[in-house]
Amino acid sequence: MMYDAYQAYADLSHPVRALASNSNCILSLWSTMQFASPLRRMAAYYEIVALAGFTHSRPDYRIREVVTDSGASAKVIEKEIFATPFCGLRRFAREDGENDPRVLLVAPMSGHFATLLRGTIRTLLRHHQVYVTDWRNARDIPLEHGTFGFDDFVQHLIDFIKVIGPQTHVVAVCQPAVPALAATAIMSQDDDPQLPASLTLMAGPIDTRISPTKVNELATSKPIEWFKEKMIGVTPRTLRGAGRRVYPGFLQLAAFMSMNAERHSKAFVDLFKSRVEGDFQKANQIREFYEEYFAIMDLDAKFYLETVELVFQKYALPRGELSFRGRLIEPRAIKKTALLTVEGERDDICAVGQTLAAHDLCTGLRPYMKSHVLQPDVGHYGVFNGRRWETKIYPVVHDHIYASL
């Protein structure tokens, strides 16, 4: 019922937003005339109406070229090289970057598409080939392909590492820090010859008992049965994944936005004012952010519920109780994969110390193979995107990868 009601509203509001978008385009052209200030104001109103809605289709990555250290532009080649019903392994590489280190960038499966890491990919492409986990929207996956759980996530990472080949460097952003550490541990336990050369965990919930955030508190405030009853919907029969039990992306986004309601309200006010005042660069930056932020994807219910229970309620990994297909995961088995953890001082999603906890679990690594970065004045998003990511955090990630070659 919940998902049907949402979809009905989305279907009804789409024509209104489409009309507003078209009107915005027309009025924006007229508003370039000096006498047309009222038209510019009207165009800004229409822009906000058109923007205030969700889309369930993955945006384009829009990475056609990157600027190298020399200041020259290099063409970027993008190609899906491997796929399952739940994820595509997408490769990005500069035309002259065939010999660059290979990085598996593990995107979160937490309500947004992997395109949210567009800035992360651009930066990494300066010196690396980048392979991205391009997760599919669960509402578009037919039931015949089965469900997708935590073990399936870990298995996907192991399979992708083997597809990419030896000396792969894994960089996991946020939620996949746990399955990325688990995959590396399992491969280490098996003494797999294609073991990752390095592992970078960025703002990930390795041990959420440390300095719990509002997100962590919400996960522990109710029993798992409550989440099953209240947070899971069934995709409507009009969709390709009809009948699949999912955690709807619109619920996840609503939860995130409610945590920073004032900031998001101010952003829309700033968008309107900037557009009216002719500060198009600032207005376009705000619009581009929300076009990406409002592109949402559903999660398979099994994966969502297992993540809530195992990671946020039972703390299975730091307690030494997390398993993969019946096998106990032993991070102490990791002895050859260099570890880097990255945290933001102002992260209100994954608090300081939660990612660093990986060091205490990886007791088999010698001290010189473990390093940590705590970036001052950076929130969750700033750990992997923006100016401080590019100028402060990325150089450390770069050096960590190249030292592991």
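**Reading the contacts**

A: Let's start with a pair of side chains: those of Arg 327 and Asp 190 are joined by a polar contact of 2.9 Å. Keep in mind that this is a predicted model.

Q: Where is Arg 327 found, and what else does Arg 327 touch?

A: Arg 327 is in strand β12, residues 327-328. Leave out residues up to four places away in sequence, and Arg 327 touches Ile 186, Gln 189, Asp 190 and Leu 322. Take Ile 186: 141 residues separate it from Arg 327 in sequence, yet C-alpha to C-alpha they are 8.6 Å apart in space.

Q: How do I read burial: is Arg 327 buried or partly exposed?

A: The general idea is a cut-off: buried means under 20% relative accessible area, exposed means over 50%, and partly exposed is in between. Arg 327 comes in at 33%, so it counts as partly exposed.

Q: And Arg 94, is that one buried or exposed?

A: Arg 94 counts as buried because its relative accessibility is 7%. It lies in strand β3, residues 87-94.

Q: What does the side chain of Arg 94 make a polar contact with?

A: Its partner is the side chain of Asp 100, at 2.8 Å. Setting aside neighbours within four places in sequence, Arg 94 is also in contact with residues including Val 66, Thr 68, Leu 125, His 127 and His 128.

Q: Which residues does Tyr 402 touch?

A: Not counting residues up to four places away in sequence, Tyr 402 touches Pro 101, His 127 and His 128. Tyr 402 lies in helix α13, residues 387-403, and is 274 residues from His 128 in sequence but 9.9 Å from it in space, C-alpha to C-alpha. With a relative accessible area of 31%, Tyr 402 is partly exposed.

Q: How do I read a helix, say α10: how many residues does it have, and how far does it reach?

A: Compare its reach with what 1.5 Å a residue would give. Helix α10 (residues 280-293) has 14 residues and spans 20 Å from first C-alpha to last, close to the 20 Å expected. Its buried residues are Ala 283, Ile 286, Arg 287, Tyr 290, Glu 292 and Tyr 293.

Q: Zooming out, what does the secondary structure of the protein come to?

A: You'll find 13 helices and 14 strands. Of the 405 residues, 55% are buried. Among contacts with a separation of 6 or more, 77% are between residues 24 or more positions apart. The accessible surface comes to about 18400 Å², with 54% of that belonging to carbon and sulfur atoms.

Technical notes:
Residues are numbered from 1 along each chain as its sequence is written. This is a predicted model: local features need pLDDT of at least 70, side-chain atom pairs count only at pLDDT 80 or more; totals for chains, interfaces and linings use all residues. Side-chain values use heavy atoms; hydrogens and water are left out. Helices (H or I, at least four residues) and strands (E, at least two) are DSSP runs, numbered from the N terminus. The expected span of a helix is 1.5 Å times one less than its number of residues. Buried means under 20% relative accessible area, exposed over 50%, partly exposed in between (1.4 Å probe, protein chains only). A polar contact is a pair of N or O atoms within 3.5 Å; within protein, one must be able to donate a hydrogen and the other to accept it, and residues adjacent in sequence count only if both atoms are side-chain atoms. Contact means heavy atoms within 4.5 Å. Accessible areas come from the Shrake-Rupley method with a 1.4 Å probe; for residues, only the protein chains shown count as cover.
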